[in-house]
Amino acid sequence: MKQQAMTQQDIKQHNLTGEAGSKDLVHQDAFAPWRALLLQQLADKALFEQARKAAYAYLDEQTSRRVSPDAAALEALSQFDEPMPSGPAPAEALIDQLHAIGSPATIAQATSGRYFGLVNGGVLPVALAARWLADAWDQNAALYLSSPIASKLEQLCQDWLCQLMELPQGSVAGFVSGSSTAILCGLAAGRYRLLERLGWDINRQGLAGAPRLRLIAGQHAHATVLKAVALLGLGTDNIEWVPVDEQGRIRADQLPKLDATCLLMLQAGNVNSGAFDDFATIMPKARAAGAWVHIDGAFGLWAKASSPLRALCDGIEQAQSFSLDGHKTLNTPYDNGIVLCSDANALRAAFAASGSYILYSQERDGMAFTPEMSRRARAVELWAALKFLGRSGLDDLVTGLHQRALQLEQGLRAAGFEICNQVAFNQVLVGLANDDDIPALIAALQADGRIWVGGGTWFQRPVVRVSVCSWATSPQIIEETRAAFIRAREGLTQQT
Ligand SMILES: *Cc1c(COP(=O)(O)O)cnc(C)c1O
C-alpha cells in the first residue's frame with residue numbers, strides 16, 4: 001500500500017482500477033488512499049489554516065460590509081448547484097468555494113451589531129473560540145462515559161443557571177438545540193407529571209384513552225409553543241386561549257379557573273414587544289391549583305441577570321419548567337438552547353431510555369435530560385460565555401441591550417416615529433402615521449444595507465420590528481440606525 005498521501009487524482013484512479021469485483025473483502029482496504037490523504041490533511045493543517053484565515057477575513061469585514069447580501073452575492077449561490085459529484089473534489093478548493101461564494105451570502109450578524117431581525121444575538125469571541133476547540137474535540141455529550149468533560153461542563157452550567165434563576169434545590173437542565181426543543185422538553189415533562197398524578201403512564205400507555213389535560217396559553221404564545229403542543233399530541237385546538245393586554249401579556253384576571261390537569265404556558269419576553277407576563281400574580285394561583293407552568297423565556301429569561309430588569313422575573317422560580325436560549329441574549333454561537341426543570345424526575349422520565357449498551361454512570365449523563373442521545377457538547381460555549389462574563393458581566397450585557405433599545409426608542413420618538421410598544425426589554429416596535437407606508441419603509445431600510453430590520457404585525461398594525469440583542473450594538477450603531485430610519489422615511493415622502 002502506498003504510504004504517501006495521494007492526490008485526488010490518485011484516488012479517482014484507485015477507485016477506477018480497484019478490485020471491486022473481488023470477493024476477498026478482508027484483505028482489501030478500499031479507503032486506504034483516502035486515509036492517507038486525511039492523515040496528510042491532519043498532519044499539515046493546511047485546511048485548518050485556510051479555514052482560520054477565511055474566518056478571520058470574514059470577521060474583519062463584519063463592520064464594513066452590508067448586513068444582508070447584495071444581489072450579486074445571492075446570484076452567485078447558483079454556483080453551488082450541481083448533481084451529487086461522482087468522485088472526489090479537492091478539499092482546499094471547496095473551502096475556497098465556501099469562503100468565496102458562501103461568506104458573501106451570509107447575514108452579517110455574528111459581530112456586526114447591526115442586525116435587528118428576529119431575536120438573534122451576536123457571538124462573543126470567547127464563546128466562538130471555545131466552540132472551535134470543542135469542535136476539534138468532537139465529543140458526544142450523550143453520557144459521562146462518552147465525554148467526561150461535556151458532563152462536567154453541563155453540570156456546572158446547570159448549577160449556575162439554576163442559581164441565576166433562583167430555582168429550588170434539585171432543579172436540572174437539559175442542553176438542546178434551541179428554545180423550540182427546550183419548550184418541547186418542558187411540556188413533555190409537564191405532560192408526564194400531570195398524567196402520572198392521574199394514574200396514567202404516558203410513556204407506556206400513550207395518549208389514546210389518557211385523562212384529558214387542559215392547555216392554557218395567552219393569545220400571544222410563540223409559534224414554537226404551539227408546535228410543541230402539536231408534536232406532543234395535545235392538539236392546538238384544545239388550547240384555552242387567554243386574552244392579552246396591550247403589551248401582549250396574558251391577562252391574569254382572565255385566566256380560567258386552574259386545576260391539577262392544567263398545563264399553563266407563560267412567556268418571559270413577548271417575541272414582538274418583549275413584554276413579560278405577570279408571574280408574581282399568576283404563579284401563586286397556579287401553584288395552589290397544582291398546575292404545571294412552563295415559561296417560554298427564549299431571550300427574556302436572561303432579564304433575571306440584569307439588576308434594573310430583574311423584577312420582571314419575580315415569581316418565575318415557582319414554575320416547573322423553563323426554556324431559554326444561549327444563542328440569543330447570551331450571544332453564544334447558534335445551536336444553544338436550555339430547558340430548566342424543577343421536577344428533575346419528570347424531565348428524566350419524559351426522556352427515559354435504556355439499552356444494554358447505554359452505560360449510565362454516577363456522574364451526569366446528559367442524554368437523560370434531552371430527547372436526543374448523541375449531541376454536540378454545546379455546554380462548552382455556554383460555560384465559556386458564563387465564565388467569561390460572570391454575574392457582573394452578564395448583568396452589563398443584558399442591561400446594555402435594554403439601554404440601547406431605550407436609546408433607539410427615544411431617538412426615533414424625537415424624530416417623529418411612533419413607538420408601538422412599551423420598551424420593557426430589548427424590543428422596539430416602530431410605526432408610521434400611515435400604516436401603508438410600513439412595507440416601503442422596511443424595504444428601504446433593508447436595501448440601505450447598513451442595518452437590517454424586519455417587519456411584523458402588532459395588533460393588526462404593520463410595524464418595523466427592531467430586536468436589540470448583540471453585544472456589538474454600540475450607542476454609535478444605534479445613532480446610525482436612527483439616521484437610517486430617517487433617511488428611509490425621507491425616501492418615502494420623495495416618492496409620493
Ligand atoms: C426565538 C424564540 C423561540 C424559539 O427559539 P429557537 O431557539 O429559535 O428554537 C421561542 N420563543 C420565543 C419567545 C422566542 O423568541
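## Pocket, cavities and buried residues

Helix 3 gives the most to the lining of the largest pocket, with 8 residues. The model is a predicted one. Two other helices also supply at least two lining residues each: helix 5 (91-102) and helix 6 (125-137). Helix 3 itself spans 46-60. The volume of the largest pocket is about 640 Å³. By residue class, its lining has 14 nonpolar, 8 polar and 4 charged members.

**Enclosed space**

Rolling a probe the size of a water molecule over the atoms shows where empty space is left. The structure holds 2 cavities of 30 Å³ or more. The largest cavity has 15 lining residues, and the closest to its centre are Ala221, Met265, Leu266, Gln267 and Asp277. Strand 4 (262-267) and strand 5 (292-296) are the elements that give two or more residues to this lining. Strand 4 has the largest share, 3 residues.

The second largest cavity is lined by Gln109, Ser112, Gly113, Arg114, Tyr115, Asn120, Gly121, Gly122, Cys469 and Ser470.

| Space | Volume | Lining by class |
|---|---|---|
| Largest pocket | about 640 Å³ | 14 nonpolar, 8 polar, 4 charged residues |
| Largest cavity | about 90 Å³ | 6 nonpolar, 6 polar, 3 charged residues |
| Second largest cavity | about 40 Å³ | 2 nonpolar, 7 polar, 1 charged residues |

**The chain as a whole**

The protein chain has 15 helices and 11 strands. Its C-alpha atoms fill a box of roughly 80 × 70 × 40 Å along the principal axes. How does the radius of gyration of the protein chain agree with that of a compact globule? A compact globule of 496 residues would have a value near 23 Å; the chain has 26 Å, which agrees.

Buried residues make up 51% of the 496 residues. Among contacts with a separation of 6 or more, 72% are between residues 24 or more positions apart. The accessible surface of the chain comes to about 22800 Å². Carbon and sulfur atoms account for 55% of that surface.

Start with Gln62. Gln62 sits in the loop between helix 3 and helix 4 (71-76). Is Gln62 buried or exposed? Its relative accessibility is 1%, so Gln62 counts as buried. Leaving aside neighbours within four places in sequence, Gln62 is in contact with Ala108, Gln109, Ala110, Thr111 and Ser112. Two of these names return from the cavities: Gln109 and Ser112 also line the second largest cavity. Gln62 and Leu198 are 136 residues apart along the chain, and their C-alpha atoms are separated by 55 Å.

Next comes Ser179. This residue lies in helix 8 (residues 179-197). Ser179 is buried, because its relative accessible area is 6% and the cut-off for buried is under 20%. Which residues does Ser179 touch, not counting those up to four places away in sequence? They are Ala298, Ser323, Leu324, Asp325 and Gly337. Between Ser179 and Lys304 there are 17 Å in space, C-alpha to C-alpha, and 125 residues in sequence.

Arg378 is placed in the loop between helix 12 (344-350) and helix 13 (379-414). With 5% relative accessibility, Arg378 counts as buried. Beyond neighbours within four places in sequence, Arg378 is in contact with Phe175, Val176, Ser177, Asp335 and Asn336.

Ala405 lies in helix 13. Ala405 is buried, with a relative accessible area of 0%. Neighbours within four places in sequence aside, its contacts include Val423, Phe425, Asn426, Val428 and Val468. The C-alpha atoms of Ala405 and Thr181 are 28 Å apart, and the two residues are separated by 224 residues along the chain.

How values were computed
Residues numbered from 1 in each chain as written. Predicted model: local features only at pLDDT ≥ 70, side-chain atom pairs only at ≥ 80, totals over all residues. Heavy atoms only, no water. 1 Å grid on protein atoms, 1.4 Å probe; cavity = no way out; pocket = protein on both sides within 12 Å on 5 of 7 lines; lining within 4 Å. Points joined across faces, edges and corners; volume = space filled by probe spheres on them. Helix = DSSP H or I, 4+ residues; strand = E, 2+ residues; numbered from the N terminus. Nonpolar A, V, L, I, M, F, W, Y, C, P; charged D, E, K, R; others polar. Rg over C-alpha atoms; globule rule 2.2 N^0.38 Å. Buried < 20%, exposed > 50% of the residue type's maximum accessible area, 1.4 Å probe, protein only. Contact = heavy atoms within 4.5 Å. Areas by Shrake-Rupley, 256 points an atom, 1.4 Å probe, with all protein chains shown as cover.
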